[in-house]
Amino acid sequence: MEPQRTPSIHVIGDSLPNIPWEDRPPGSEAVVWRYSRNPIIPRDLLPRSNSIFNSAAVAHDGAFAGVFRVDDTRRLMNLHAGRSRDGITWEIEPEPIAWQFPDEALAGFVHRYDPRVVWLEDRYYVTWCNGYHGPTIGIGYTLDFRSFHFLENAYLPYNRNGVLFPRRIHGKYAMLSRPSDTGHTPFGDIFYSESPDMVHWGRHRFVMAPRAWTWQSTKVGAGPIPIETAEGWLLIYHGVLTSCNGFVYSMGAALLDLDQPWKVIYRSAPYLLSPQMPYENVGDVPNVVFPCAALVDAPTGRVAIYYGAADTVTGLAFGYVDEIIDWLKHNSEL
């Protein structure tokens, strides 16, 4: 580990000295590398879990907390709260989050999955794909990961991968999302939207689309909360190609303009991480690397990325923010 490391690009954020971490393997030149003891969360951590994946973790109260996608043995998709001392070994609540609703008309749901969590101003906001007459983006918040309050669905169906920015931009809350359809969407572009109150969303702007004949040729979607740096917002995202044997999900990166985040400065031509390990290739949905959360230690630039593997288990990968941006500059398709 490099405790005294100073990143070459200023990372805007808090110090997180207890970030989960493992050094790059000796002899490796990887920009992002896997934790050697992956997967960190097995599919059967809970008595009735079929799989635990595509989940979000944040620093909380000197340790870590998060919201986890748990598909149970009925194959019902729901969200559970969890805690960890080290960000690696997790204790997940056996029962789903019991949301408090301002309007009981919103209480019914078909499924809840793929959460993201961000500390924003004075609380932790949670976004997820909410099954409300089709997939849309649910928004709620918590102060302590014990009591959870539902706010609203951000958009009409159909939409997925709602990812909030960690601060207001020009006085407005900001979110990335991917309009979709009712099924396992064979298309998808990323869009940017703004809100004055976390309820009403508008001023939609196009961000980026898939690229033909590449690892991101079918659809793209925002992953973890964007990371603010002096040079722009670092966005870790997933891209999908359609192979002769189905979808393949990989991880890439882009740098967005700080003031106009719908403007892409750099975008990776190669992927950062693709499904190559057995736990990424074999599972309920083979060949999936799906990033959902990133912890960052701003003074050193270290980043720990949580990702779903094969829609079955949760993995962890590491890197440095400034190295990822430097790699972007040298491997951008823009």
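1. A pocket, as the word is used here, is an open set of grid points where a 1.4 Å probe fits, with protein on both sides within 12 Å along at least five of seven lines, and its lining residues are those that have an atom within 4 Å of a point. Please keep in mind that this is a predicted model.

2. The largest pocket holds about 720 Å³ of space, and among the 25 residues that line it, Gly13, Asp14, Trp119, Pro166 and Val296 lie nearest its centre. Two or more lining residues come from each of β2, β7 (112-120), β16 (227-229) and β20, with β20 giving the largest share, five residues. Sorted by class, this lining has 20 nonpolar, two polar and three charged residues.

3. The second largest pocket, with a volume of about 420 Å³, is lined by 26 residues, of which Arg69, Tyr113, Asp114, Arg160 and His184 are the closest to its centre. Here the elements that contribute two or more residues to the lining are β2, β3, β7 and β11 (159-164), and the lining is made up of nine nonpolar, seven polar and 10 charged residues.

4. In the largest nonpolar core, which has 40 residues, Trp90 and Trp99 touch the most other members. Several strands supply at least two residues each, including β2 (49-60), β3 (63-72) and β20 (289-297), and the largest share, five residues, comes from β3.

5. Beyond its neighbours within four places in sequence, Trp99 is in contact with residues including Leu79, Val126, Trp128 and Phe148. Another core, of 33 residues, lies apart from the largest one and has Trp215, Val220, Ile225 and Tyr237 among its members.

Technical notes. Residues numbered from 1 in each chain as written. Predicted model: local features only at pLDDT ≥ 70, side-chain atom pairs only at ≥ 80, totals over all residues. Heavy atoms only, no water. Core = buried A, V, L, I, M, F, W, Y, C linked by side-chain atoms within 4.5 Å. Buried < 20%, exposed > 50% of the residue type's maximum accessible area, 1.4 Å probe, protein only. Helix = DSSP H or I, 4+ residues; strand = E, 2+ residues; numbered from the N terminus. Contact = heavy atoms within 4.5 Å. 1 Å grid on protein atoms, 1.4 Å probe; cavity = no way out; pocket = protein on both sides within 12 Å on 5 of 7 lines; lining within 4 Å. Points joined across faces, edges and corners; volume = space filled by probe spheres on them. Nonpolar A, V, L, I, M, F, W, Y, C, P; charged D, E, K, R; others polar.
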